[in-house]
Amino acid sequence: MTNFVDTPHKKQLENSQMFSLADRLDYWNKNAPDTVWAQSPDILQLVQASEYAAGLLHRYSHIAALLASDNENPPHWLDFDFARDLSFIRESESELDLMRDLRIKKQEFDCRLIYAVVVQKLPQTDFLIALSNLADELVDIALSVQFRFLTQKHGTPLDEQGRPFTLAVLAMGKLGGRELNFSSDIDLIFAYRNNGETAAKDGQKSLVNEVFFRKLAQKLIYTLDHHGEHGIVYRVDMRLRPFGQTGPLALSFDACENYYQIHGRDWERYAMMKARPIAGDISGAEELLNNLRPFVYRRYLDYAAINSIAEMKEQINRQIHERGIEEHIKLGRGGIREAEFSVQAVQLVYGGQYPKIQKTSFLTSLLEIDELNLWEHGSTEDLRAAYLLLREVENALQFDRCQQTHQLPDTEHAWKRLALACGFSSAESLQHSVKSARDQIHDTFRRIFPSAKANDENTDNAAIFKGISWQDPDENLLCDLLIRLREEPSKAADISAAIAQFSKNINWQKLPNSTINRIEKLLPLLLENSARQHNSVKSLQSVLNLISQVASRSVYIEILSGDPELLQRLLSVAENSSWLMDFICEHPLVIDDILSDRNRISSKDKLQYELAARLENLDEEEWLTALRDFKHAQIFKIAWAEIHNRINLMVASDKLTEVAEIIIKTITDKARNILNQKYGSPRDSNGNLAQFAVLAYGKLGGWELSYASDLDLVFIYDDSRSAGSTDGEKSIANQIYFTRLVQRITSYLSAPSTSGILYQSDTRLRPGGQSGMPASSIENLSEYLKNRAWTWEKQAITRARALAGDSELCAKFEKLLREILQTPPQANLKEDVINMREKMHKQNPIPAQFFHLKKSRGGLVDIEFIVQYLLLQYSHQEEVLIRNTDNIRQLAALEAVGILSSLEAMNLRDAYRTLRRACHLRALNNQDEQSSFNDWKNTAKTVRKIYDRIFSINKQSENL
């Protein structure tokens with residue numbers, strides 16, 4: 001390419017990086033046009049920063065006017081309309097015109113963009129996108145013109161429906177991520193919809209599509225890559241295509257899919273992460289990429305990807321060392337590639353779970369990783385800043401002489417030139433910033449790709465078991481070795497028996513050798529950690545059960561065998577909560593939350609964002625699976641936090657309730673969208689949309705969910721008694737629509753799968769109970785509650801609230817609740833409540849020596865009956881009593897208005913929290929809710945004393 005250094009002084013200046021900025025300025029002043037603009041401060045700054053820009057200004061006099069215009073009205077490069085400025089090239093009548101104009105316009109924009117960076121301080125993010133957008137447009141123009149030329153000779157390719165189609169161009173690498181270097185190759189893959197032949201007209205020679213698109217691909221490459229009078233447009237690299245350099249230039253979509261399914265290798269998965277359609281058949285290319293998505297992103301955690309990427313980086317490191325280019329800003333230690341590998345590893349591991357991070361852009365992916373809390377917020381910000389600085393330096397290195405270089409300078413003059421180009425006050429400040437950025441990137445990289453953790457104690461103790469055959473262990477020998485590890489003899493015998501039984505349970509013959517090797521490495525580490533932590537045999541057996549459960553899934557064995565700290569945590573969980581350990585065995589996906597320390601509980605907004613990220617672009621079956629995975633992850637985090645005393649009982653219940661709410665709202669929206677697409681939207685006779693709402697009762701309504709609670713739900717709709725219908729082509733009556741809507745919602749909640757169900761739902765609290773309609777109109781619900789509801793049903797609505805659906809109908813229901821609860825009670829209210837409570841005692845008799853935390857006299861149900869009775873009795877006098885639906889706040893309200901004394905309210909709150917906390921802890925250890933009466937005698941006596949006073953009972957229960 002002819003540029004500023006194509007002068008008599010060319011040989012002298014070929015090593016011009018050795019010259020100072022003053023030398024560059026002096027040379028410009030001697031050889032530049034004698035005009036005012038040539039001496040303007042911005043132009044002088046530009047020519048010192050870039051010899052390439054100086055050469056363009058020298059060669060193309062009209063660029064000066066473009067820069068002057070840009071100075072007065074700086075373009076918005078982030079979304080600059082390159083298509084408008086380049087549209088005339090699409091009308092090219094010859095290949096010569098096409099190639100000339102593409103190159104000249106490319107060089108014009110090169111100069112303008114360098115000017116924007118150096119003089120106007122264009123942000124690096126905008127610069128990268130502008131370079132990529134320019135490349136997209138130039139490639140598309142070259143393709144469209146060459147396609148026109150070729151179809152004039154051979155006719156137009158047609159798809160199976162007889163519709164014309166063109167080549168699909170996929171950009172890979174930096175261009176695929178819309179983060180192109182200034183002087184980068186562009187990595188491309190070409191594909192086309194289907195085989196066949198072109199539809200030739202008179203005088204045209206038909207070609208089979210394979211030949212046609214091969215010729216078109218060759219023409220496109222030639223147009224961009226041929227070095228002529230005006231240089232090149234882009235160097236084109238086709239090595240990432242199927243079968244590499246030996247493969248066809250263009251393959252059909254089917255052939256591409258077959259290749260990746262049969263021959264695709266790990267490095268091709270990483271490459272395809274960046275694939276983006278940029279020219280030609282965009283919609284076809286998007287369909288192809290969608291079909292290839294399962295090849296790139298595995299459904300479950302893909303930790304094997306980390307090892308593969310680490311091996312690739314080790315190969316790069318060896319090459320760098322051999323070539324002596326440690327200061328390579330792209331491939332060296334803490335370079336751009338390490339940053340990219342770090343983010344790609346997270347994308348590959350989690351991309352199957354979170355489609356939202358399946359992005360081609362490094363920066364966009366990093367943002368999504370941050371939003372999903374996959375890394376700590378500060379680390380993503382630091383990595384982003386470090387990456388952008390290195391990209392700024394990389395581009396400044398390249399736009400100096402339009403060369404594809406990544407080597408940092410080795411002279412003071414070159415560093416000063418680089419500092420000027422990057423907007424730094426001195427070479428020293430730039431050097432310091434580059435070092436800090438590389439350290440930051442390398443630290444991040446090492447956290448994700450840690451070297452093997454040397455643990456001398458583990459290694460030494462693991463060596464103790466060297467003589468053990470883990471597939472058929474000698475129990476006596478193993479017992480002796482365990483005693484050497486400081487285990488008591490009786491305990492050592494029990495552990496030996498557990499290991500022997502574990503080995504019998506494993507189907508070793510069906511496991512690959514790599515998995516067997518990892519299990520044989522894992523067992524000594526497990527025994528050593530268990531001995532050091534003094535874990536019980538039962539806890540060790542729980543972890544052995546987990547290993548047995550996941551033995552056929554190599555990714556989990558790889559995780560467990562590679563992280564002794566994870567084993568310690570699992571043993572601790574098993575020691576403190578058998579329920580949670582069982583949960584991990586049933587849903588091993590949550591191991592990742594332990595491994596990555598992502599067991600922090602998110603806010604409700606963050607949870608909604610995470611769920612949306614999981615559910616993006618999934619079919620219905622995948623969507624439901626992802627919904628279950630989300631629930632399992634959140635339940636695990638809440639249980640983990642409660643067991644480790646990071647949250648109290650009330651917060652745990654609130655969080656469990658929030659998770660259920662989010663899931664129900666998501667399911668409701670999904671079900672409505674599906675039915676609306678099929679039948680249209682339900683409308684009343686006036687044409688207004690009929691509304692729908694989901695009501696929560698019981699523990700869900702009262703914000704008191706536990707880990708295995710059913711969901712008490714009622715569904716209502718409002719179509720103003722019009723008996724309306726849906727507005728779709730296949731119209732159905734509203735009542736049928738809402739019945740099917742409820743059926744779909746409850747089906748989503750309770751649909752069985754290998755990972756269990758979402759929730760067991762109970763809809764018996766609807767009007768008419770089990771025999772009632774699945775969905776009731778708000779009018780029917782109102783009439784039922786006012787005129788036909790039993791007292792126990794009115795007790796239930798003291799905990800009811802609108803959970804999901806249309807806001808207007810939710811407000812109507814809340815108004816109805818207030819109206820009913822503020823109606824003076826019936827005369828026999830107290831008698832009905834007492835009779836219901838006595839009936840429950842008779843139906844569930846508890847032996848005198850036991851105390852059931854919920855059902856016994858003085859237990860949770862007594863407290864709930866006290867609260868419900870008092871609310872029904874006094875809410876017509878005190879509106880504050882019905883503002884909340886949970887027992888603790890309701891007790892506070894009863895205290896505030898003087899219905900309960902402060903002592904009574906405090907005692908009931910303390911008892912309620914203590915009893916519920918005990919229920920939670922027993923559930924987390926797979927224990928029932930029945931305990932020794934003596935352990936709860938004082939609590940029961942306190943509760944029963946208040947119960948007897950309120951219900952005017954003269955003597956306490958015989959149980960007390």
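**Side-chain packing: terms and grounds**

Reply: The model is a predicted one. Leaving aside neighbours within four places in sequence, Asp70 is in contact with Pro75, Trp77, Arg112 and Gln120. Asp70 is found in helix H5.

Me: Why is Asp70 called buried?

Reply: The relative accessible area of Asp70 is 3%. Buried means under 20%, so Asp70 counts as buried.

Me: What makes the pairing of the Asp70 and Arg112 side chains a polar contact?

Reply: The two side chains meet at 2.8 Å. The cut-off for a pair of N or O atoms is 3.5 Å, with one able to donate a hydrogen and the other to accept it; the contact between Asp70 and Arg112 is therefore listed as polar.

Me: How many aromatic pairs does the structure hold, and why is the pair of Phe80 and Phe109 called edge-to-face?

Reply: There are 30 aromatic pairs in the structure. For Phe80 and Phe109, the ring centres are 5.7 Å apart and the planes stand at 70 degrees.

Me: Why is the pair of Tyr947 and Phe951 called tilted?

Reply: The centres of these two rings lie 4.5 Å apart, with the planes at 45 degrees. Stacked requires under 30 degrees and edge-to-face over 60, so the Tyr947 and Phe951 pair is tilted. Tyr947, at 0% relative accessibility, counts as buried, and Phe951 is buried at 2%.

Me: How do you know that Lys670 lies over the face of Trp623?

Reply: Lys670 is placed 4.9 Å from the ring centre of Trp623. The distance limit is 6 Å, and the position must also be within 35 degrees of the ring normal; Lys670 is listed as lying over the face of Trp623. Arg837 likewise lies over the face of Phe865, at 5.9 Å from the ring centre.

Me: Which residues touch the most other members of the largest nonpolar core?

Reply: They are Val169, Phe190 and Val393, in a core of 118 residues. Helix H8 (residues 124–154) gives the most to this core, with 14 residues. A second, separate core of 107 residues includes Cys479, Leu589, Ile667 and Leu924.

Note on methods
Residues numbered from 1 in each chain as written. Predicted model: local features only at pLDDT ≥ 70, side-chain atom pairs only at ≥ 80, totals over all residues. Heavy atoms only, no water. Phe/Tyr/Trp six-rings, centres within 6.5 Å; stacked < 30°, edge-to-face > 60°. Buried < 20%, exposed > 50% of the residue type's maximum accessible area, 1.4 Å probe, protein only. Core = buried A, V, L, I, M, F, W, Y, C linked by side-chain atoms within 4.5 Å. Helix = DSSP H or I, 4+ residues; strand = E, 2+ residues; numbered from the N terminus. Contact = heavy atoms within 4.5 Å.
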